[in-house]
Amino acid sequence: MTPRLLHLDASARPGSYSRQMSQAFVDSFTEMRPDTAILRCDLNASPPPFVDEGFLQHAFLPRDQQDSPALAASNGYTRDFLDADVVVVGMPMYNWGVPAIVKAWIDQIVRAGLTFSMSAEGIEGLAQPDKQVFSLVSRNGGFLPGEPYAPVNFQDAHFAGIMGFMGIRQTRLEALQDTFDPGTVDQNLARALANVRKLAQEAATRLG
Ligand SMILES: Cc1cc2nc3c(=O)[nH]c(=O)nc-3n(C[C@H](O)[C@H](O)[C@H](O)COP(=O)(O)O)c2cc1C
């Protein structure tokens, strides 16, 4: 089976830390699985639309009526997400949370009847539970559990929570922190890249 890897980036900085992390993941993964089909999605180069009136008018209709041009972007993003065996997101933290373009992407793929369902029995995620999702994050710092800014880390729990809402069993995180500290950033980046490569190798091994 050809593995399908969806590679997203969100930093506004070319050559950014989080872009280096996601690229390291893709490079290591494809080293082990050269047959991988990579779908590239640079959210910064091509930002997703926001939820608008057309989206709302069509996204909650029965599935066979969701082919509207108003949902063309959302249908595309959702299909790409659902089709992927591995999803890698490189993103900075912006103002304590995910960048707005990542939030816009989330809003496009959380789709009733496609990635989640709601019924009398409750909410059910419809994405494949064993889809491997990786959040590769860069930020200045102090946001990990036990650190001073952990209470205002609205990035990691939000992203992993939304993935869980869509049925993903586990979202794996690698966070590069202290990126404003010129004394340690190179060393920390090297460590983060090594961790990312390990995550990629484990992901390729898990795919079998
Ligand atoms: C608009 C903006 C908001 C930011 N907000 C935060 C923040 O809330 N917390 C933090 O630690 N760093 C924050 N930063 C710093 C970036 O997260 C940090 O520089 C990160 O390493 C950038 O990742 P990149 O190199 O992938 O672009 C912010 C940077 C920008 C440009």
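Which side chain has an N or O atom 2.9 Å from an oxygen atom of the ligand? Thr179 does, and the pair is a polar contact, that is, two N or O atoms within 3.5 Å. Before we go on, note that this is a predicted model, where local features need pLDDT of at least 70 and side-chain atom pairs count only at pLDDT 80 or more, while totals for chains, interfaces and linings use all residues. Residues are numbered from 1 along each chain as its sequence is written, and side-chain values use heavy atoms, leaving out hydrogens and water.

Met93 places a backbone N or O atom 2.7 Å from a ligand oxygen atom, and a polar backbone atom of Gly141 is 3.2 Å from a ligand oxygen atom. On its own the ligand has 640 Å² of accessible area, and the protein covers 76% of it (Shrake-Rupley method, 1.4 Å probe).

Now look at the helices, which are DSSP runs of H or I with at least four residues, numbered from the N terminus. Helix α3 (residues 72–83) and α4 pack at about 90°, with axes 8 Å apart; axes are lines fitted to C-alpha atoms over the stretch in contact, and angles between N-to-C directions run from 0 to 180 degrees. That makes α3 roughly perpendicular to α4 (65 to 115 degrees). Where they meet, with heavy atoms within 4.5 Å, α3 brings Ala73, Ser74, Tyr77, Thr78 and Phe81, and α4 brings Trp105, Gln108 and Ile109.

Trp105 in α4 also takes part in the contact with α5, where the residues from α5 are His158, Phe159, Ile162 and Met163.

Key. Helix = DSSP H or I, 4+ residues; strand = E, 2+ residues; numbered from the N terminus. Polar contact = N/O pair within 3.5 Å; in protein donor to acceptor, adjacent residues only side chain to side chain. Parallel < 35°, antiparallel > 145°, perpendicular 65-115°, else oblique.
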